[in-house]
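Please brief me on selected features of the structure shown below. Plain sentences grouped by topic will do.

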Amino acid sequence: MSLCGDSGPAAAPRLRPRAAQMARRPELLCGAAILLGCAFLVALKVTCSRAKDVTMPAKLPVSFFSTRSPVIDLFRGQLDYADHLRQDSEIVLYFFYAPWCGQSIAAREEIEHVASRLSDQVLFVAVNCWWNQGKCRKQKHFFYFPVIHLYHRSFGPIEYKGPMSAVYIEKFVRRVMTPLLYISSRSKLLDFLSNYEPGVLGYFEFNASPQPPGYLTFFTSALHSLKKDYLGTIRFGVITDKHVAEEISLVHSGSVYLHRHVNTSLIYPNDIMNYTAENICKWALENREMLIRWLRPHGGKSLLLNNELKKGPALLIFIPYNPLAEINPLLDEITKVALEYHNCNKSQAAEPDLQHLGDTDSPAFDSSVPDAHTKLSETFSITKSPCCNTVVLPQWHSISRTHNVCELCINQTLGVKPNKVHVPHCNFFEIEAALDSFYLQEHTFFQVISNTIECSNFLSFYSPFSYYTACCRTVNRHFLSFISSEKTIFQTPKVTFSSHGKKDDAQHSIPHIEDRNCFIPDLHSSGTNFTGLSCRTNKTLNLYLLDSNLFWIYAERLGASRSTHLKEFAAIVDLKEEVHYVLDQNQSLVGSTLENFIKNFSILYSPLKRHLVDDPSVHLHDQRVITEVTTNTFHRTVFLSEKNVLLLYYAQWCGFCASLNHIFIQLARLLPPDNFIVARIDITRNDLPWEFMTDRLPTILFFPYQRKEQSVKFPEDLSVNLPNLLKFILYHSSFSSSEPCTKECLHKETVLQQGHISHLQREIEKLRSEITALHQAHAQLEAQLSEARREEHRLQQQKHTLEKQHKTLQLHSEQLQATYNQKNQELLAMAEKLQELADASENLLKENTLLRILVASREGKLQSQDEIKEPLHSEQTLSEDNSEVSTATDTLEEKRIDNIDTTETEHSSGNRTE
């Protein structure tokens with residue numbers, strides 16, 4: 001049946017003409033659709049406008065910092081006022097926080113500590129970026145809190161992403177305050193170049209102008225490096241003395257020098273790259289030399305350690321570090337070890353030159369002596385600036401018939417003295433161009449007779465764009481004598497350093513080696529030589545430093561002692577081999593122990609043993625049904641015990657492992673404790689030898705007595721339940737041997753089986769007694785349940801009876817209520833009538849009073865008339881008046897009597913009604 005009243009067959013003829021009309025005029029259909037849509041939108045808007053906003057308004061924010069704090073707290077998110085404050089300060093630190101954030105609350109004290117030390121130089125501003133009505137919340141869209149931004153005048157923001165510790169924050173703020181170190185003497189230059197961090201030096205003459213050309217660009221590049229690398233691994237310095245700048249061959253004002261300890265130091269190529277702050281920063285970051293690197297995990301989910309460990313074996317060194325300390329002897333010693341480890345080019349070691357440079361900074365060595373200064377400059381430039389590559393000659397080369405190795409030195413020609421005007425530098429493009437020329441244009445070489453025995457063929461090439469020399473020789477078993485004199489092989493007393501044009505699209509298919517001694521084993525050096533060890537082994541280590549004050553938890557996970565007071569620890573982690581080695585914590589962490597540790601790892605057959613991490617939180621208890629096994633107790637529990645051992649591998653996060661706990665508890669109670677041990681081990685907290693590790697959880701291994709080497713794994717296709725485990729244990733615990741069993745072994749096996757049978761029988765008897773007790777308890781429960789059912793039936797009957805009585809009382813109550821309502825209405829009507837009578841009686845009393853007053857007045861008048869008239873006439877008049885008064889009085893008395901009678905009649909009728 002249709003819901004519409006006129007629907008059905010009768011409505012169809014009415015709709016057909018309308019449909020035909022709409023088909024002839026489709027604009028009517030479109031108009032109707034538009035009208036319906038508008039009506040729907042209006043109805044929806046009206047409905048939504050009537051809905052009430054049930055969102056609870058946010059509470060007003062309160063101050064996050066105390067009023068006595070040196071930090072300006074803009075807890076209402078006034079970002080515009082914060083920008084106004086920044087205009088009047090040179091260095092500003094913004095601390096964006098959320099009041100509910102635990103990390104923001106923890107960092108609050110650290111920020112206050114830094115502000116108490118630097119408030120006279122830096123403006124500290126805290127902004128609440130969570131208040132929904134503040135401008136900070138509307139303009140900034142942070143995904144985490146807290147956020148620290150620093151501004152150096154108009155440059156910024158420079159975001160700090162390091163540890164939220166006061167010393168680290170203060171160190172970073174000081175780096176932003178003074179991004180450049182000013183070097184005015186050779187001693188300061190030596191200190192700058194001796195640091196393990198990469199250094200960029202710029203030379204500017206401040207005599208002519210307080211801001212030489214390019215100085216602001218170099219200053220901005222230092223701030224850019226802090227913006228891109230919050231760790232501040234690259235230090236920037238400015239040389240203000242011309243003679244000091246000449247020590248590193250910086251002659252022209254505005255030149256930029258990148259110092260590297262092992263590889264060749266570089267000069268910024270002004271002819272190739274534009275002199276901008278971004279380019280200088282990018283050039284320094286791309287060409288920096290990282291001998292040792294700091295790791296600072298931020299504590300959240302991060303792939304920092306994973307990405308670094310995937311690069312190869314890593315030496316992790318944990319030391320207590322104070323960034324504000326000016327002197328750190330332990331860090332200096334580790335830096336020396338890193339320099340020696342990576343110093344593959346022994347003939348051009350960096351440290352002797354720096355030491356020689358430091359010795360010259362004395363009163364006896366004065367810049368007024370031109371000869372000594374020139375000699376020092378030439379020596380330093382020659383030893384520090386050569387850019388040479390060792391190349392392997394291809395078989396098709398014309399010289400390959402007699403030689404197989406050539407030493408290719410770029411920008412060097414034979415017989416030309418050094419020119420101090422030119423700035424020596426070497427980059428990747430020069431290497432590529434020289435290799436192209438050497439391999440593809442060998443016909444342009446000309447041979448020169450060499451004065452050295454080792455360099456049997458000396459080639460030289462010159463073009464308007466580049467020139468270089470090549471010292472070719474043959475490497476064979478007589479190379480031992482060559483190594484002994486290698487310091488004199490490549491020392492060309494007369495070399496020229498210059499720049500050449502860029503050669504694009506330089507490609508070659510012949511492999512070459514950047515460091516010229518890397519591909520040849522050091523035959524003279526013994527296995528104990530540590531210098532340049534990274535180039536003589538296939539197990540090169542990446543060196544990392546971690547602050548043990550912040551990241552000691554990682555050291556504990558690697559095997560460091562938790563009870564030690566001196567937080568110094570070193571470990572080698574090889575992620576590919578899945579091993580790690582720990583330096584003995586009984587030895588002090590000094591340079592010699594680190595060198596021995598690295599050498600023991602680098603040799604072919606390393607004496608280091610894989611460290612197995614043990615869980616120290618596990619305490620042994622004899623009362624446990626299941627024995628908890630750790631790394632230290634594994635061998636004693638499994639192999640040294642004279643029992644059959646069933647071992648379960650589990651982890652805390654494994655849900656399937658937890659579901660097996662009750663099965664193993666039942667199994668441990670069933671098996672005789674004199675012959676069986678049921679144990680488990682958490683493999684996420686305990687390392688085992690490789691042959692006993694597993695990659696699947698849960699895993700069950702059974703170690704039978706006297707055949708522990710023949711351990712058996714529980715089949716994966718079987719469900720883990722009590723019957724299957726018992727069958728598995730009993731089957732593999734029986735004695736099996738290929739040799740015929742003697743009477744003695746048969747007797748032992750029989751005794752063992754009888755012992756198992758008797759134990760199982762005892763367990764069965766126990767189970768039967770428990771079953772009997774359960775049956776008795778069941779019968780008692782049945783009796784109690786039947787009694788409870790009878791009691792329930794009786795209570796149900798009482799309930800029905802009470803319900804009937806309740807209904808009867810409810811009806812009676814309703815009747816009484818009706819009667820009460822009726823009487824109440826009658827009383828109200830009677831009260832109204834009584835009120836009317838009271839009003840009438842009150843009116844009668846008023847009339848009576850008026851009559852008395854009238855009678856009195858009349859009597860007075862009569863008395864006055866009697867005095868005037870004659871006595872007779874007065875008597876007649878008085879008699880007439882008395883008759884009238886008596887008549888009126890009688891009339892009033894009759895009315896009052898009638899009213900009283902009426903009232904008494906009504907009262908009597910009311911009493912009868914009641």
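**Briefing**

G254 is buried, because its relative accessible area is 11%; buried means under 20%, exposed over 50% and partly exposed in between, with a 1.4 Å probe and protein chains only. This is a predicted model, in which local features need pLDDT of at least 70 and side-chain atom pairs count only at pLDDT 80 or more, while totals for chains, interfaces and linings use all residues. Residues are numbered from 1 along each chain as its sequence is written, and side-chain values use heavy atoms, with hydrogens and water left out.

**Surroundings of G254**

- G254 sits in the loop that links helix 9 (242–246) to strand 9; helices (H or I, at least four residues) and strands (E, at least two) are DSSP runs, numbered from the N terminus.
- Leaving aside residues up to four places away in sequence, G254 touches Y203, F204 and Y275, where contact means heavy atoms within 4.5 Å.
- P212 is 42 residues from G254 along the chain, and their C-alpha atoms are separated by 8.0 Å.

- An open sheet of mixed pairing is built from five strands in the order 6-8-7-9-10; two strands pair if DSSP finds at least two bridges between them.
- Its edges are strand 6 (180–183) and strand 10 (266–267), each pairing on one side only.
- Five bridges join strand 7 (residues 199–203) to strand 8 (residues 235–239) in the parallel sense.
- Y203 has I239 of strand 8 opposite it.
- Helix 10 (residues 277–287) packs on the sheet and touches strand 7, strand 9 (256–259) and strand 10. The directions of helix 10 and strand 9 make about 20°; axes are lines fitted to C-alpha atoms, for helices over the stretch in contact, and angles run from 0 to 180 degrees between N-to-C directions.

- In strand 12 (residues 314–319), six of the six residues are buried.
- One side of strand 12 carries A314, L316 and F318 and the other L315, I317 and I319, and all are buried.
- Strand 12 pairs with strand 20 (residues 569–574) in the antiparallel sense over five bridges, and the bridge partner of L315 there is I572.
- Strand 12 runs parallel to strand 19 (residues 542–547), with six bridges between them; L316 stands opposite Y544.
- Strands of a sheet pair through backbone hydrogen bonds.

**Helix 23**

- I764 lies in helix 23 (residues 743–868).
- I764 is partly exposed, since its relative accessible area is 40%.
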